[in-house]
Amino acid sequence: MTTTTSLELPTDFPADVLRAGDPGYDTARSVFNAMIDRRPAAIVRCRSADDVARGIALARERGLALSVRGGGHNVAGSAVCDGGVMLDLSLMTAVRVDPTERTAVAGPGCLLGDLDRATQQAGLATPLGVMSGTGIAGLTLGGGLGWLAGRYGLTCDNLLAAEIVTADGQVRHVDADHHQDLLWGLRGGGGNFGVVTAFTYRLHRVGPVLAGGLSWPWSSARSVLRFHDELVGSAPDELTTAVSLSRDPHAGPVISIGVCWCGDPAEGERALAPLRSVAQPTADSVTLMPLATWQSAPDAGYPRGRRHYWKSGYLRELTDDAVGALLDHVPNMPSAASGIGLQGLRGAAARMPAAATAFPHRVPQYDLLLLGQWDGPGHDDRNIAWGRRAYDALAPHLADAVYANNLGAEGPDRTRAAYGTNHGRLAALKSTWDPDNVFRLNQNIAPRPAAEVVSS
């Protein structure tokens, strides 16, 4: 933690600013991961694109680091900087839904629940994530894998337009006819190119979904994993699943599978029947419910204030050895709040060409997440060590690729793996729009050196 120095502001600085000691400062700098304890010199409480532009100018004029907070859900805590300027977008939560055009325009401070509630009033939705407390900004810019991805693609695939403030302080409208290169980069390239102050999404007709969880005793874990893997390999796009391996403090290790069927409920029941018959479930909560209800179902399991350490990668083949490595590390999980997740990336999300958006990982696979969460700094070492051991055991089975939204502060090689085959094009785009790397507190794409840009 850095000692915060006072930042003097121009007397005519128009935006609300919080500094150390001000009421609300500590609340504004706290984020989802309680391991993050950084102290910005100034927190600019933005209400408009103009406020964002002024905040960018302030950081550049003073030579200070600049961080951007949307929902504050990123595990790396890149929303908060030490000693620099933090742009807090959490007040920008307006949502406008056009049921006729089937579009929604949402502010960067919105959480998934805010957007879901607004769109579902019209019986519409855009693909988002898997819990309502996630911010839409980071989710969209990093890709956006969730319950509707099989049928409608990733969140970034449904981004139609954006309002963005670039490093030069200009407010720009980006869509298929204006700055197409930037729109491509925003679809999975993270916050590397500017601060998005409005997102325009394509909406789809989405009624109640057949969703819930199925759980089995640990003795059935291997057979359930194998059968599930075969099932999803040929499942319709309407079905999205996520496997969870966890440790109940009383019952011991448990395997559960969350399911979401976005389509005709009767067809969904038929599609799920084989999964219910592979072994006798100990719990089955699958029922018809509003999408927003299902999106918020996991929220209680991930409260703010817990400490988090994550490791992640893409698992493309569920071999017997990979299954063994997964199952070996659940019984010794230090925290019962932790878990191993296998979220399916299939269907429409996997069929998109890798170069069509900045998000490159377009093959059927599992997004593997070793999610460590616990209470209190006294348990840091044990939980971090568990995450690293489990990852090291699984690494030989993983692709050289990772979902950017799951990354902590893991260095340039892992960041490059997040952008994969699109990294070179993204670096060239960065050189055009942010050659000074003003927007660097993220999963950063460094600008190409000037000579390299000229020669290419």
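**Close-up views of selected contacts**

**View A. Salt bridge between D237 and R351.** The side chains of D237 and R351 meet in a salt bridge at 2.6 Å, N to O (a salt bridge is a side-chain nitrogen of Lys or Arg within 4 Å of a carboxyl oxygen of Asp or Glu). D237 lies in the loop between helix 7 and strand 13 and R351 in helix 11 (residues 348-351), so the pair ties together parts that are 114 residues apart in sequence; helices (H or I, at least four residues) and strands (E, at least two) are DSSP runs, numbered from the N terminus. D237 is partly exposed at 24% relative accessibility, whereas R351, at 55%, counts as exposed (buried means under 20% relative accessible area, exposed over 50%, partly exposed in between, with a 1.4 Å probe and protein chains only). The model is predicted, with local features needing pLDDT of at least 70 and side-chain atom pairs counting only at pLDDT 80 or more, while totals for chains, interfaces and linings use all residues. Residues are numbered from 1 along each chain as its sequence is written, and side-chain values use heavy atoms, with hydrogens and water left out.

**View B. Salt bridge between D26 and R29.** In this pair the N to O distance is 2.9 Å, and the two residues are separated by about one helical turn because they stand three residues apart in helix 1 (residues 25-29). D26 is partly exposed, with 45% relative accessibility, but R29 is buried at 9%.

**View C. Surroundings of T197.** T197, found in strand 10 (residues 195-202), is buried, with a relative accessible area of 4%. Its side chain is joined to that of E163 by a polar contact of 2.5 Å (a pair of N or O atoms within 3.5 Å; within protein, one must be able to donate a hydrogen and the other to accept it, and residues adjacent in sequence count only if both atoms are side-chain atoms). Leaving aside residues up to four places away in sequence, T197 touches A49, V52, M92, G107, P108, E163, I164 and V165, where contact means heavy atoms within 4.5 Å.

View D. Strand 5 (residues 95-98) and strand 6 (residues 103-106) run antiparallel and are joined by four bridges (two strands pair if DSSP finds at least two bridges between them), with V95 having A106 as its bridge partner. R102, in the loop between these strands, has a positive phi of about 55 degrees although it is not a glycine, and R102 is partly exposed, with a relative accessible area of 35%.
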